[in-house]
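Welcome, and please open the structure in your viewer. We will walk through it one selection at a time.

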Amino acid sequence: MRLPLLLLGLGLASALSAQASLTVVAVARQGPPPYEAADRIYVLEGGPAPQVGDRLTVRRPGARGILARLRVTALRDGRTEARLVPPLEHSPMKGDLATTEVASPLLALAAPAYQPLPVLAAPRALPQAPPREGLLFFLPQRSDLSLAGMKKLEGWVEAWGTGGHYVIHMPTAKALRAELQKDRVESLRAALRSVGIAEATVDTTPRTTEGRNDPAWIRRLD
């Protein structure tokens with residue numbers, strides 16, 4: 001029994017050593033403002049280097065739990081570049097640590113050679129698909145949609161299609177003049193019409209997000 005346990009321990013130690021942490025050393029922002037969390041590029045150093053497409057689990061020293069997850073997009077000059085994976089609940093900072101997500105070697109070693117076929121349950125109705133949604137920002141006291149925002153909206157409509165039901169979610173706010181809010185809604189409706197969406201309803205229920213600029217969401221319902 002000692003030899004199998006020794007081999008198991010060596011396999012676990014090898015897997016843990018391969019999990020040496022990468023460190024976030026920089027956060028890059030590209031293009032014109034407003035800068036959104038999904039557009040940030042995180043630069044990491046350390047090793048061993050992951051592969052493009054790998055997912056990274058980010059933790060903050062001294063804090064409990066997982067802070068965020070990243071997807072590796074490029075490897076340049078010994079550095080790793082990655083972007084956030086939704087949901088975007090927290091944003092990593094310089095000094096945070098990331099490890100590549102891998103399957104535990106214990107699960108592979110402990111799996112039985114034979115597994116009985118599972119009993120198939122009766123099929124259940126599929127849940128309704130969640131809405132497709134994208135976040136835009138308006139500069140303070142401005143109602144025009146930026147060029148970067150227009151490109152995002154065009155990309156969403158191209159990916160989601162012109163069918164279904166589109167919604168403009170423009171939360172009400174005490175500091176936002178009713179006239180300015182109306183102008184922003186009309187600006188978004190005009191932008192949607194330019195890409196083939198003739199009608200869009202408006203949702204004004206309260207909602208907040210990070211950033212000093214005013215948010216608006218574009219949503220497509222099936």
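Start by selecting Val58, which stands opposite Ala98 in β6. Ala98 is also the bridge partner of Leu22. Before moving on, note that this is a predicted model in which local features need pLDDT of at least 70 and side-chain atom pairs count only at pLDDT 80 or more, while totals for chains, interfaces and linings use all residues. Residues are numbered from 1 along each chain as its sequence is written, and side-chain values use heavy atoms, with hydrogens and water left out.

Next, colour residues 55–59, strand β3, and residues 97–100, strand β6: four bridges join them, and they run antiparallel. Here Arg59 stands opposite Leu97. (Strands are DSSP runs of E, at least two residues, and helices are runs of H or I, at least four, numbered from the N terminus; two strands pair if DSSP finds at least two bridges between them.)

Now zoom out. Which strands close into a barrel? There are six, in the order β1-β2-β5-β4-β3-β6, with antiparallel pairing.

Move on to the open sheet of four strands, ordered β7-β10-β8-β9 with mixed pairing. β7 (132–138) and β9 (201–203) stand at its edges, each with a single partner strand, so one side of each has no neighbour in the sheet. Seven bridges join β7 to β10 (residues 214–221), and these two run antiparallel. Select Arg132 to find its bridge partner in β10, Arg220.
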